[in-house]
Amino acid sequence: MELEMENDLEDAVVFGGTEEDGKGIKRKRKKKKKKREKEVVVMMELQDPLEVFGRDIMLMILRNLDAHSVALSLLVSRAWHGVASSDLLWTSKCEELWLGKAHIPRLAQVRGLSKLAAYSLSVMDGKRTRIMKEDLYDHIWEFHFTKAAPEYWRNLDPYWKGTGPPMRRYFHPDGSQTADPGDTVWGGQECCFCIVTSFVGEETIREHYVRINRWPRMFVSRKQDWSWEMSNFLYCYCSIPDSDKEGGTGPVL
């Protein structure tokens, strides 16, 4: 800085100017520099960041944003949509969403489906509280009696006795239900199931339950890990992660 000032003063003296003239030249140069910097900033603000940084840099930036923010960037322009909908970006978003989930929707696993669509379908399905027939036979279910069940049944239940793994139940597309061989509670009886759903108006569910044979109806709930629970005052069914089932869908770890 001092060298620049000396040069300005020397230039002013060489061309017959005074020291004050040299200081004036320096002030003009500072003003021009600030003006150029402002013009660059304005140009950057007016230009599309995608055009300034390019596709690869924008992908790196978008990877550090949450899924909601990336989804909003889809609406900026057609060019932004092309970048923000990339599978390179949404693959990691899907992995984050699916981490620790008991069940990943099979629709989200369709070959050829974009990762953005897979993410959207997964979010919508995770909010669903109405159980379908496919949900019953697509998962394996743990079964145990509740504390209110008769002591005789609880004494046969490894959940209460701690004598082995929980009992399992299996629903099938033909409407039947089975258990593991040697299940002392099961007894080999024939079982069939049905799902009952009634509505108030067009969309509001008034009543929703699953019933096996003529046993008490089981009311349905959904957990944060997207697993299902069906229960009544006597027993409870809980869907378990499908990773141990051939063709199972979750969880991703």
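Start at Val-220: its bridge partner in β7 is Met-230. This is a predicted model, where local features need pLDDT of at least 70, side-chain atom pairs count only at pLDDT 80 or more, and totals for chains, interfaces and linings use all residues. Residues are numbered from 1 along each chain as its sequence is written, and side-chain values use heavy atoms, with hydrogens and water left out.

**Stop 1**

Select β6 and β7. They pair in the antiparallel sense over 4 bridges. Strands here are DSSP runs (E, at least two residues), and helices are runs of H or I with at least four residues, numbered from the N terminus. Two strands count as paired if DSSP finds at least two bridges between them. β6 and β7 form a hairpin with 5 residues between them. Click Trp-226 in the turn: it has a positive phi of about 70°.

β7 and β8 run antiparallel and are joined by 3 bridges. They also form a hairpin, with 3 residues between them. Met-230 has Tyr-237 of β8 as its bridge partner.

Show the side chains of β7. Which residues lie on its covered face, and which on its uncovered one? Trp-228 and Met-230 are on the covered face; Glu-229 and Ser-231 are on the uncovered one. In a regular strand the side chains alternate between the two faces of the sheet.

**Stop 2: the whole sheet**

Select the strands from β1 to β8. The 8 strands form an open sheet, in the order β3-β2-β1-β8-β7-β6-β5-β4, with antiparallel pairing. Find the edge strands, β3 (177-179) and β4 (193-200): each pairs on one side only. From one strand to the next, the twist averages 30°; here axes are lines fitted to C-alpha atoms, for helices over the stretch in contact, and angles run from 0 to 180 degrees between N-to-C directions.

Zoom to β1 and β2. They run antiparallel, joined by 3 bridges. Glu-142 stands opposite Arg-168 in β2.

**Stop 3: the largest core**

Select Ile-131, Leu-136, Trp-141, Phe-171, Met-230 and Tyr-237. Of the 21 residues in the largest nonpolar core, these touch the most other members. Such a core is a set of buried Ala, Val, Leu, Ile, Met, Phe, Trp, Tyr and Cys residues joined through side-chain atoms within 4.5 Å. Buried means under 20% relative accessible area, exposed over 50%, and partly exposed in between (1.4 Å probe, protein chains only). β1 gives the most to this core, with 3 residues.

Centre on Phe-171. Not counting residues up to four places away in sequence, Phe-171 touches several residues, including Leu-136, Trp-141, Phe-193 and Ile-212. Contact means heavy atoms within 4.5 Å.

A second, separate core has 20 residues, among them Leu-62, Leu-74, Val-83 and Leu-116.

**Stop 4: the helices**

Select α7 (residues 87-98). This helix has 12 residues and reaches 16 Å from its first C-alpha to its last, close to the 16 Å expected at 1.5 Å a residue. The expected span is 1.5 Å times one less than the number of residues.

Which residues of α7 are buried? Leu-89, Trp-90, Lys-93, Cys-94, Leu-97 and Trp-98 are. They cover an arc of only 145° around the axis, which puts them on the same side of α7. The arc is that of the directions from the helix axis to the C-beta atoms.

Finish at α4 (residues 55-63). Met-58, Leu-59 and Leu-62 are buried there. The buried residues of α4 fall within an arc of 105°, so they line one face of the helix.
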